[in-house]
Amino acid sequence: MIALKKFIFILIFILFISACSSEDNYQSEKNEREAIEVFSRQTEVIATDLNIPWNINKHDNTFYLSQRAGNIIKVDGVSGSKTVQNVEVTKEVLHEGEGGFLGFILALNFDISQEAFAYHTYKQDGEVYNRIIVLKLNQNTWKEETILLEGIPGGRIHNGGRIKIGPDGKLYATAGDAGNSENAQNVEALAGKILRMELDGNVPKDNPFKNSYVYSYGHRNPQGLDWDDDGKLYSSEHGQTAHDEINLIEPGKNYGWPIIEGDQQAPNMVSPLYQTGDDTWAPSGIVIKRKKIYVANLRGENIRVFNLTDRTVDTLFENAGRMRDVLIENDTLFMITNNRDGRGNPREGDDKLFKISLLE
């Protein structure tokens, strides 16, 4: 009898453990399913089959993306339907290497003016340059209306190309060194600089160098531009071999290239706020929200988040390939891939426009 009771007790114990284990396995599988479901709800592909999109603009529920070959693609934010819009310029867009139709931003009064600012590469008398112009939209064609600045040195590499309107109402542009590092330290040259101008193309009277568009210098290939809530300007920049940078930009300051890079220091030169060390990001567009800089990385193939408060770095999004630009509206981040730019590995449906919720 005692042996029978002992046997029954052992049997009940085994069944109990088995049930617990099954419940644990079920809960684990359930958690995995829920994680996948949450991820799919938060990250969404808005549009596919884009052709090297470079800059994101959003107006109401419509996106306007510059494409490096020389056009604008209009994307319906609800249906994802696409319309290619022609760009007519007086100097043909030169789409070679890293050059082409790059920065593109809608005017602040776009509703009324139907205007936008653009930065593109061109060739004249056998030399490569970049220029900044005003375009006006008529039906599905953007036509050049005004030339703001020409003759920015260009090349197959390091054209910069980002343009943005600052909180001061001025137009800012990044200009790379065009593959000639000597440009960066020459304040008379427009290459290797961050430039600042009035919206009509004039030089602001309060620029740091008299009668000059140069706002800061000593840059190799600055890419991203954005301002925090305090009005401070930040820029992302490509290092020579890794050592990519995030810089706090101040007027008239020298950011060191090619004399210093990474954490190196020299008199009267500014070292970066953050540099990637031996890790290569190849950072492109940036956007700032709540003291965090969201960085689209080409070589790094991800969206990194740099916390301005404690200077830590987290990865928000990855595994979609080369990331070119980012835009935040409310608590939603929009981003584009550049897998068809000649340096990526195009996947089915590339390039793509994504959105992801920033709400935890």
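Trainee: How do β6 and β7 pair up, and over how many bridges?
Mentor: β6 and β7 pair in the antiparallel sense, over four bridges. Strands here are DSSP E runs of at least two residues and helices are H or I runs of at least four, numbered from the N terminus; two strands pair if DSSP finds at least two bridges between them. Leu-106 stands opposite Ala-116 in β7.

Trainee: What should I know about where this model comes from?
Mentor: This is a predicted model, where local features need pLDDT of at least 70 and side-chain atom pairs count only at pLDDT 80 or more, while totals for chains, interfaces and linings use all residues. Residues are numbered from 1 along each chain as its sequence is written, and side-chain values use heavy atoms, with hydrogens and water left out.

Trainee: Back to β6: how many of its residues are buried?
Mentor: Six of the six residues in β6 (residues 101-106) are buried. Buried means under 20% relative accessible area, exposed means over 50%, and partly exposed is in between, with a 1.4 Å probe and protein chains only.

Trainee: And Thr-121, buried or exposed?
Mentor: Thr-121 is buried, because its relative accessible area is 1%. Thr-121 lies in strand β7, residues 115-124. Thr-121 and Glu-150 are 29 residues apart in sequence, with 9.8 Å between their C-alpha atoms.

Trainee: Switching to rings. How many aromatic pairs are there?
Mentor: The count is 13 aromatic pairs. Rings of Phe, Tyr and Trp (its six-membered ring) pair if their centres lie within 6.5 Å; planes under 30 degrees apart are stacked, over 60 edge-to-face, and the rest tilted.
Trainee: Why is the Tyr-64 and Trp-142 pair called edge-to-face?
Mentor: Their planes are at 85°, so the pair is edge-to-face, and the ring centres are 6.1 Å apart. This pair links distant parts of the chain: Tyr-64 is in strand β3 (residues 62-67) and Trp-142 in strand β9 (residues 141-153), 78 residues apart. Tyr-64 and Trp-142 are both buried. Another edge-to-face pair is Phe-209 with Tyr-217, 5.9 Å centre to centre and 75° between the planes. Phe-209 counts as partly exposed because its relative accessibility is 24%, while Tyr-217, at 15%, counts as buried.

Trainee: Which residues cluster with Tyr-64?
Mentor: Phe-101, Phe-104, Phe-110 and Trp-142 form one aromatic cluster with Tyr-64.

Trainee: What sits over the ring of Trp-257?
Mentor: The charged end of Arg-220 does, 5.4 Å from the ring centre. The rule is NZ of Lys or CZ of Arg within 6 Å of the ring centre and within 35 degrees of the ring normal. Lys-58 also lies over a face, that of Phe-63, at 5.6 Å from the ring centre.

Trainee: What about the bond between Trp-257 and Pro-258?
Mentor: That peptide bond is cis, with omega about 5°. Pro-258 is in the loop between β16 and β17. Asp-350 and Asp-351 are also joined by a cis peptide bond, with omega about -5°. For context, most residues other than glycine have a negative phi, and most peptide bonds are trans.
Trainee: Where is Ala-178, and what is its phi near?
Mentor: Ala-178 lies in the loop between β11 (171-175) and α3 (182-185). Its phi is near 60°, a positive value in a residue other than glycine.

Trainee: Last topic: what volume does the largest pocket have?
Mentor: About 690 Å³. On a 1 Å grid over the protein atoms alone, a pocket is an open set of points with protein on both sides within 12 Å along at least five of seven lines, a cavity is a set where a 1.4 Å probe fits but cannot get out, and lining residues have an atom within 4 Å of a point. Points are joined across faces, edges and corners, and a volume is the space filled by probe spheres set on them.
Trainee: Which lining residues lie nearest the centre of that pocket?
Mentor: Of 25 lining residues, Asn-57, Ile-105, Lys-164, Ile-165 and Leu-327 lie nearest the centre of the largest pocket.

Trainee: And how many cavities are there?
Mentor: Two cavities of 30 Å³ or more. The largest cavity has a volume of about 50 Å³, and its lining includes Arg-220 and Trp-257.
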